[in-house]
Amino acid sequence: MNVGGDVGASAVSPAHLEWKFSQVFGERAAGEEVQEVDVISAIEFDRTGDHLATGDRGGRVVLFERTDTKEHVGSRRELERMAYPVTRHPEFHYKTEFQSHEPEFDYLKSLEIEEKINKIRWCQMTNGALFLLSTNDKTIKFWKVQEKKVQKISDLNVDPYLGVANGSMPSSSVSSSQKQHLANGCYTDGSSQCLSNHLSFPPGDLSALRLPVVTSGESSLAARCRRVYAHAHDYHINSISNNCDGETFISADDLRINLWNLQISNQSFNIVDLKPVNMEDLTEVITSAEFHPTHCNILAYSSSKGSIRLVDMRQSALCDSHSKLFEEQETPGSRSFFTEIIASISDIKFAKTGRYILSRDYMTLKLWDINMDSGPVSTFQVHEYLRPKLCDLYENDSIFDKFECCLSGDGSRVATGSYSNLFRVFGCAAGSTEATTLEASKNPRRQVQTASRPSRSLGSSITRVVRRGSESPGADASGNSYDFTTKLLHLTWHPTENSIACAAANSLYMYYA
């Protein structure tokens, strides 16, 4: 299977990027306690990069919109300046938020279902409306966010303030009275109180009457749940991924992957099933799944054994057999109690061209060429300094933390998170030695590593490379000890620019280069 083109890398090593702070939303004050429901659990750019969505443990989805591309346009001089490249950092503003999921209780299994948002995926924009999928452990929802203008009726013939001043609205004089009245509006008891006495018509004859006019006032954003995809997973949903056909998407839990049509919420097709007849024979679970960005029939999913399987849905309805298997052979004599735990892949991402797959396990980032299943093209050491501390990490469950990964739009760089709210950016282009460590704060401390060593040649121009991040055991770039209670699990790369958005607890930090 030969899918996708070459990665956007040249023979000349690209210059190292100088990352700068751009924005922060929800920054904590010193000593401020973070509420559990406010911790960000999902983050995603849309395909244009003009919108950013975050989900939190409280079931809320918050949308941000880019504003710097809409401004600075008006005069002729400003329009002329647009012909020249302007170095301006991307600027996002808060757009809206809505409650996506609520806590539920499964009475059949006696289980509480958290409202925490596990994943967010943007769908194609239609007629100016935004569409996105969000999921918690059990239920996927399809949301439409649209700007609506509030319409009001104006230019009335009746003065509404006159009715209010008399103590009642014009229509209340009829409904509140029990007296019988004639067709002309006067009462049968001969009283002179008629309906017209409560109304203020314009002076003149009937030609002075005006037709009321409907006017559009201020606009407001409204989020509406279009569909709910429920009751299809027995285990917790860990992934959702849109298909490039714009019509279908997949959802994955520990043992199964289901295929959905966006328009049909009561039916899905099971395309991958790892559940054995006897659960005691279970050896691995699904950890992440992703559709190919350009081929609607191809998807990849990772497992807890550190392998990635490429599946072609054209082969059979149930894709139990894979087209390709990507896994790194274990070094003889290196197996220990923690080998399988740290080999479990927590996240996979396709490069924009579809030629490469980026995977994240506990210790490393790996870049795979889907046309070569003998091993990863590059390996980036992220947590090698933690190897002597695996026992402690197992005791406090930190070894089970699931870090996400992302690629730049041109495929020349990769990024992932770490502890102490650090994240690392590596260059994966041919000849690149870039390995930068930054802290999620207003003043990121930067540390550039230039040490890289080729592992072995693969018989072509592609060389398998091992790139190392910070190797200082138990210390960050400034020599401070690592804090395993603060971790940067979620981050995403802008699809067309060198801009990264990352989540540290309840704060959203944005950087550009």
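Entry 1, overall make-up. I counted five helices and 33 strands in the protein chain, taking helices (H or I, at least four residues) and strands (E, at least two) as DSSP runs numbered from the N terminus. This is a predicted model, in which local features need pLDDT of at least 70 and side-chain atom pairs count only at pLDDT 80 or more, while totals for chains, interfaces and linings use all residues. Residues are numbered from 1 along each chain as its sequence is written, and side-chain values use heavy atoms, with hydrogens and water left out.

I found that buried residues (under 20% relative accessible area, with exposed over 50% and partly exposed in between, 1.4 Å probe, protein chains only) make up 48% of the 513 residues. The accessible surface, from the Shrake-Rupley method with a 1.4 Å probe, comes to about 25,800 Å², and 50% of it belongs to carbon and sulfur atoms. Of the contacts (heavy atoms within 4.5 Å) between residues at least 6 apart in sequence, 59% join residues at least 24 apart.

Entry 2, sheets. I looked up an open sheet of four strands in the order E2-E3-E4-E5, with antiparallel pairing, where two strands pair if DSSP finds at least two bridges between them. Strand E2 (40-45) and strand E5 (92-99) stand at the edges with a single partner strand each, so one side of each has no neighbour in the sheet. Neighbouring strands here are turned by 20° against each other on average, direction ignored, the axes being lines fitted to C-alpha atoms. Strand E4 (residues 60-66) is joined to E5 by seven bridges and runs antiparallel to it, and I noted Arg60 opposite Gln99 in E5.

A second open sheet of four strands has the order E16-E17-E18-E19, again with antiparallel pairing. Its edge strands are strand E16 (286-291) and strand E19 (324-326), each pairing on one side only, and the twist averages 20° from one strand to the next. Five bridges join E16 to the antiparallel strand E17 (residues 298-303), with Ile286 opposite Ser303.

I also checked strand E8 (residues 119-122), from which Lys119 and Arg121 point one way and Ile120 and Trp122 the other way, all of them buried. Four bridges join E8 to strand E9 (residues 130-135), which runs antiparallel to it, and Trp122 stands opposite Leu132.

The mean pLDDT (the predictor's confidence in each residue, from 0 to 100) is 81 for the chain, with 76% of residues reaching 70 or more. Over residues 181-185 pLDDT stays under 50, and the model has eight contacts beyond four places in sequence for this stretch.

I counted 22 aromatic pairs, where rings of Phe, Tyr and Trp (its six-membered ring) pair if their centres lie within 6.5 Å, and planes under 30 degrees apart count as stacked, over 60 as edge-to-face and the rest as tilted. Phe105 and Tyr107 form an edge-to-face pair, 5.0 Å centre to centre with 65° between the planes; Phe105 is partly exposed at 37% relative accessibility, whereas Tyr107 is exposed at 69%.

Phe423 and Tyr511 form a tilted pair, 5.5 Å centre to centre with 45° between the planes. Phe423 lies in strand E26 (residues 422-427) and Tyr511 in strand E33 (residues 507-512), so the pair ties together parts that are 88 residues apart in sequence.

How values were computed. Axes fitted to C-alpha atoms, helices over the stretch in contact; angles between N-to-C directions.
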